[in-house]
Amino acid sequence: MKHKDIEQLAKNYIVDTAEGPVNKRVQEITLRLLTDLMKAIEDLDISQSEFWTGVDYFAKTGAVGEMALLIPGLGLERFLDIRADEADERAGLLSGTPRTIEGPLYVAGAPVCEGFARLDDGTEEAEGEILFMDGTVFDHNGKPVPNATVEVWHANLKGGYSFFDTTQSEFNLRRTLIADDQGRYSFRSIVPSGYSCPPNGQTQKLLDQLGRHGHRPAHIHFFVSAEGHAKLTTQINIDGDPYLWDDFAFASREGLIPAINKITDPAEIQKRGLDRPFSSIHFDFQLRPAEASVTAEVERPRRAA
Ligand code: MBD
Ligand code: FE
């Protein structure tokens with residue numbers, strides 16, 4: 001079938017059939033996606049069996065709760081960020097800490113702590129490397145933002161996230177930090193491991209067909225927000241991870257890979273009340289002004305506990 005005929009057919013099915021009130025935006029998007037899909041079926045001569053395999057794939061992926069994992073794996077979540085960066089750039093607002101994807105594993109409602117928090121419940125302390133991280137939240141003029149909110153979440157040593165990994169304690173490795181009156185935050189935790197897609201899951205099943213791996217380098221997620229500033233969604237990477245520039249979700253960015261320092265000085269160790277060396281990361285956030293909110297606040301379904 002010719003593309004022109006496909007366009008007419010899709011319009012017949014979606015537009016000409018309307019007899020009640022129409023949500024024009026939904027109609028426009030549905031028509032476009034349907035038309036493009038029909039063209040792909042035609043151009044690639046997708047068989048009926050292949051078509052139903054695809055339908056079943058998406059149905060199962062949704063049923064097991066992996067749609068929001070497949071999206072970053074296909075690069076779509078990163079693509080949305082590239083477009084948000086372009087919009088900020090057009091508005092003259094592309095500054096501050098780079099954004100990078102949220103991913104599917106945020107959970108709202110983490111305990112709120114002022115200034116400092118310990119994120120880990122101690123169960124992996126002996127096996128893991130103790131991490132201290134601290135920094136300041138600055139505004140676009142380089143002024144500290146008092147009492148900024150820093151939400152932080154990361155994986156454990158097995159690459160699992162509490163809530164989704166029900167073997168972990170409630171809100172393990174998740175906190176909402178309120179920065180002090182000089183915009184400073186700090187926390188103690190353990191250095192996380194990288195995440196891997198469930199090996200028998202739906203996302204990995206497609207990645208296998210594409211000859212791709214499903215690994216992420218070790219990382220720590222943040223939402224940084226404050227009144228009058230655009231909410232920042234970002235991550236930092238743990239430097240040295242073999243997957244640092246080979247992330248299945250394409251989220252690594254220059255500017256988000258702070259130095260991780262091994263602290264061996266006995267005086268520093270004692271000061272933290274520890275008996276062995278630990279790792280330390282210093283990382284400052286810089287927020288963009290609220291006018292950037294055209295692209296700042298992303299609404300999506302999120303888990304809450
Ligand atoms: C993660 O931890 C993550 O951050 C993303 C983007 C996808 C899967 C797991
Ligand atoms: Fe993650």
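Is L210 buried, exposed or partly exposed? At 48% relative accessibility, L210 counts as partly exposed; buried would mean under 20% relative accessible area and exposed over 50%, with partly exposed in between (1.4 Å probe, protein chains only).

Before clicking on, some housekeeping. This is a predicted model, where local features need pLDDT of at least 70 and side-chain atom pairs count only at pLDDT 80 or more, while totals for chains, interfaces and linings use all residues. Residues are numbered from 1 along each chain as its sequence is written, chains are lettered from A and ligands numbered from 1 in the order in which they are written, and side-chain values use heavy atoms, with hydrogens and water left out.

**The whole protein.** Show the cartoon: there are 8 helices and 13 strands. Both are DSSP runs numbered from the N terminus, helices being H or I with at least four residues and strands E with at least two. The C-alpha atoms fill a box of roughly 75 × 45 × 30 Å along the principal axes. Of the 305 residues, 43% count as buried.

**The iron site.** Select ligand 2, the iron ion. Y161 (OH), H219 (NE2) and H221 (NE2) coordinate it at 2.0 to 2.1 Å. Donors here are N, O and S atoms within 2.8 Å of the metal (3.2 Å for Na, K and Ca); water is not among the atoms, so sites may look incomplete. Along the chain the donors are spaced Y-x57-H-x1-H. Y161 sits in the loop between β5 (149-154) and β6 (174-178), and H219 in strand β8 (residues 219-225), so the pair ties together parts that are 58 residues apart in sequence. Both Y161 and H219 are buried.

**The sheet.** Now colour β2, β6, β5, β8 and β9: in that order, these 5 strands form an open sheet with mixed pairing. Two strands pair if DSSP finds at least two bridges between them. At the edges stand β2 (112-114) and β9 (232-237), each with a single partner strand, so one side of each has no neighbour in the sheet. Zoom in on β5 and β6, which pair in the antiparallel sense over 5 bridges. Within that region, V150 stands opposite L177 in β6.

**Back to L210.** You'll find L210 in the loop between α6 (202-209) and β8.

**Last stop, Y57.** Select helix α3 (residues 48-63), where Y57 lies. At 14% relative accessibility, Y57 counts as buried.
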